[in-house]
Amino acid sequence: FEQKQQKVRKSGILEMIPLKEKMEDIGGLEVLKGWLKRKAVVMKDLNRAGRYGVDAPKGVLIAGVPGCGKSLSAKAAADLFQVPLLRMDMGRLLGKYVGESEENLRRALSLAEAVSPCVLWVDEMEKAFAGINGNSGGSEVTTRLFGNFLTWMQEKKAPVFVVATANDITRLPAELLRKGRFDEIYYVGLPKEEERRNIFEIHIQ
């Protein structure tokens, strides 16, 4: 784990997030937590899963209003799977030279595969791919990055579990939401009364 951490730190492209949050720290979201726990069974024993013909989980898209547990779920998922958590900041990938952004994305995805099994967290994905199909030069770069990212998600063989979070799912390109990119898409809304009680209990404890 320390060797993986050093490799990520040297790259300067991805960020390795320390694992502090656990599933028990999330109030509510029982459906999402139950789904992640089922995927954890596979992620913790990929060799056995492969012998039974079970594919490694691809990932999940969690959409919803800010402050309702999307980022917390990404962090808790890595702890549950007992794998490193890598955060990919699309702004850090953008370069000023032609082809530099695409090369940075390829390096980031190759690095994620090299340290796999891991969780790759792409936060606020709708901001990362804003401006797709626009007319500016910047949008052309974003469109190429988006195409490369989609191809990687569709064809990746390494056990990299992608957790993408988005505040506004309507700004995401339709290609990203089609079946096969993610295993599942979840909407996270404002907590109901029982969920609020759970959240208060966690903080009081």
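This is a short tour of selected residues in a predicted model. Residues are numbered from 1 along each chain as its sequence is written, and side-chain values use heavy atoms, with hydrogens and water left out. Local features need pLDDT of at least 70 and side-chain atom pairs count only at pLDDT 80 or more, while totals for chains, interfaces and linings use all residues.

Begin with the cysteines. Select Cys68, which is buried at 12% relative accessibility; buried means under 20% relative accessible area, exposed over 50%, and partly exposed in between (1.4 Å probe, protein chains only). Next select Cys118, also buried, at 0% relative accessibility. The structure holds zero disulfides, a disulfide being a pair of cysteine sulfur atoms within 2.5 Å.

Pro117 sits in the loop between α6 (100–114) and β4 (118–122). Helices (H or I, at least four residues) and strands (E, at least two) are DSSP runs, numbered from the N terminus.

Now select Glu124, located in the loop between β4 and α7 (125–128). Its phi is near 50°, a positive value in a residue other than glycine. How accessible is Glu124? Glu124 is partly exposed, with a relative accessible area of 28%.

Finish at Gln82, in the loop between α4 (70–81) and β3 (85–88). Gln82 is a residue other than glycine with a positive phi, near 60°. Is Gln82 buried or exposed? Gln82 counts as exposed because its relative accessible area is 61%.
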